[in-house]
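Here is a short briefing on one protein chain.

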Amino acid sequence: QVQLVESGGGLVQPGGSLRLSCAASGSSIYAMGWYRQAPGKQRELVALITSGGSTNYADSVKGRFTISRDGAKNTIYLQMNSLKPEDTAVYYCNARQLFGAGRPSYDNWGQGTQVTVSS
């Protein structure tokens, strides 16, 4: 299992910026990413980064959000710029473990951090 500690959420005005952090402790991590869930909606992928550095973004955040990794501290970040009210959600850090060929992967989840974009 992987321990995930998230930080950086808060209240920001439209057009502002926030930077989320997620510190991971564990092994066999194949990919890490950020998901978000707004009230009454499904949890959705925001951004993903693999162990090799490949990234993927939701269409709604492309050009505004950037995911990155700090190998020295085993931490990922989500830089969020040009924030919109529709970005308001609880943001969850995810770490996917892969244990070997033919074995199932395992998803670990952080506790979530609230991001509120409002004037």
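How many of the six residues of strand β8 (residues 75–80) are buried? Five of the six are buried, and β8 is mostly covered. Buried means under 20% relative accessible area, exposed over 50%, and partly exposed in between, with a 1.4 Å probe and protein chains only. Strands are DSSP runs of E, at least two residues long, numbered from the N terminus.

This is a predicted model: local features need pLDDT of at least 70, side-chain atom pairs count only at pLDDT 80 or more, and totals for chains, interfaces and linings use all residues. Residues are numbered from 1 along each chain as its sequence is written, and side-chain values use heavy atoms, with hydrogens and water left out.

**The sheet around β8**

- Four strands form an open sheet in the order β1-β3-β8-β7, with antiparallel pairing. Two strands pair if DSSP finds at least two bridges between them.
- The edge strands are β1 (3–7) and β7, and each pairs on one side only.
- Neighbouring strands of this sheet are turned by 15° against each other on average, direction ignored. The axes are lines fitted to C-alpha atoms, and angles run from 0 to 180 degrees between N-to-C directions.
- Strand β3 (residues 18–25) runs antiparallel to β8, and six bridges join them. Within this pairing, R19 stands opposite Q79 in β8.
- Strand β7 (residues 65–70) also pairs with β8 in the antiparallel sense, over six bridges.
- S68 stands opposite Y77 in β8. The bridge partner of R69 in β8 is I76.
- Strands of a sheet pair through backbone hydrogen bonds, either parallel or antiparallel.

**Two residues of interest: T75 and M80**

- T75 lies in strand β8. T75 is buried, with a relative accessible area of 7%.
- T75 touches S21, C22, A23, S68, R69 and D70, leaving aside residues up to four places away in sequence. Contact means heavy atoms within 4.5 Å.
- With the same exclusion of residues up to four places away in sequence, M80 touches G16, S17, L18, L20, R64, F65, Y91 and V115.

**Nonpolar core**

- The largest nonpolar core has 27 residues. Such a core is a set of buried Ala, Val, Leu, Ile, Met, Phe, Trp, Tyr and Cys residues joined through side-chain atoms within 4.5 Å.
- W34, L78, M80 and Y91 touch the most other members.
- β3, β4 (29–37), β5 (44–50), β7, β8, β9 and β11 (113–117) each supply at least two residues of this core.
- In soluble globular proteins, nonpolar side chains tend to be buried together.

**Disulfide**

- The count comes to one disulfide, defined as a pair of cysteine sulfur atoms within 2.5 Å.
- The disulfide joins C22 to C93, with S to S at 2.1 Å. The link is left-handed, with -85° about the S-S bond.
- C22 lies in strand β3 and C93 in strand β9 (residues 89–97), so the pair ties together parts that are 71 residues apart in sequence.
- C22 counts as buried at 0% relative accessibility. C93 also counts as buried, at 0%.

**Salt bridges**

- There are five salt bridges. The rule asks for a side-chain nitrogen of Lys or Arg within 4 Å of a carboxyl oxygen of Asp or Glu.
- The side chains of D87 and R36 meet in one of them, at 3.0 Å from N to O. D87 lies in the loop between β8 and β9 and R36 in strand β4, so the pair ties together parts that are 51 residues apart in sequence.
- D87 is buried, with a relative accessible area of 1%. R36 counts as buried at 6% relative accessibility.
- R64 forms a salt bridge with D87, the closest N and O atoms being 2.8 Å apart. R64 sits in the loop between β6 (55–57) and β7, and D87 is 23 residues apart from it. Both R64 and D87 are buried.
- R96 and D107 meet through their side chains in a salt bridge of 2.8 Å, N to O. R96 is in strand β9 and D107 in strand β10 (residues 106–109), 11 residues apart.
- R96 counts as partly exposed at 32% relative accessibility. D107 counts as partly exposed at 27%.
- Salt bridges that share partners join R36, E44, R64 and D87 into one network.
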